[in-house]
Amino acid sequence: MNTNFSRRWFVKSLAAVAVIVSFPGVVFARAKGAFNAGKTNDVVDVLFGDLPIEESTEITFKLPDIAENGAVVPATVATEIEGVTQIAIVIDENPNPLSAVFDIGEMSLADVSTRIKIGKSSVARAYVKTSDKVFMTSREVKVTIGGCGG
Amino acid sequence: MNVKPVKIRGRVKGVVANIKCLMPHPMETGTRRDDAGEFIPAHYIETVTCAHNDKEVMIAHWGASVSKDPYFSFKIKGANAGDSVSVSWVDNLGETSSGDIVLK
């Protein structure tokens, strides 16, 4: 396969998504820029601004080490850290790395699960935001296309 | 499009309710092509709002990289049997759907 071609196609398709996604009209407070961002660093800038980011072992980030089907990868983020206001799941190698942001209300626990798409083997990150700090943990996920185990 | 309701299951354990939902939705990223080589337009859930007794407890903002027919589970503190839980979503095309249950 010609990688240059697919790369160009990929960039073009990204632009197409950006046009559609940037269409205004949603009333919710949604960090649109973060979802359109193409790099993890940009996602973090938009979501967390100047808040310090610290690696933490107090986040439980459940994700398979090897995902046979990248279209459906179960992910769970849970933590006992106090005062969590937001949880974010970021996949470095995805065209738009930010998958999901969860606004945690006072009456909900910092414990969410969903299923996400992962395009290819990547570093996956879970961010947990409190009022004055952001905690992060990361994991490698290997995606085996077609489930051949290779 | 034929919008389907959100399926919700909930269970109270002690003072915490574990809520699980399934939302039938295509979750198209906008980068896939159909058989004719045309892009399939992006179509995905952007915002999911979860309420406990009509009070918002959790809002999820999603990108197109959440899987098709999304699964979502979360936990509510201070929940009792008989409480109501509702989950509703809005997608990038402005379609909406919701579902609710009474906790047992």
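Here are some notes on chain B and its interface with chain A.

1. A word on the model first: it is predicted, so local features need pLDDT of at least 70 and side-chain atom pairs count only at pLDDT 80 or more, while totals for chains, interfaces and linings use all residues. Residues are numbered from 1 along each chain as its sequence is written, chains are lettered from A in the order in which they are written, and side-chain values use heavy atoms, without hydrogens and water.

2. On the fold, chain B has seven strands and zero helices (DSSP runs: E, at least two residues, for strands; H or I, at least four, for helices). Its C-alpha atoms fill a box of roughly 55 × 20 × 20 Å along the principal axes.

3. Of the 104 residues in chain B, 50% are buried (under 20% relative accessible area, 1.4 Å probe, protein chains only).

4. Now to the partner: 36 residues of chain B are in contact with 35 residues of chain A (heavy atoms within 4.5 Å). Together the two chains bury about 3000 Å², with 55% of it on carbon and sulfur atoms (accessible area lost on being put together, 1.4 Å probe, summed over both). On the chain B side, H61(B), S65(B) and K77(B) lose the most area to chain A, together 22% of what that side buries.
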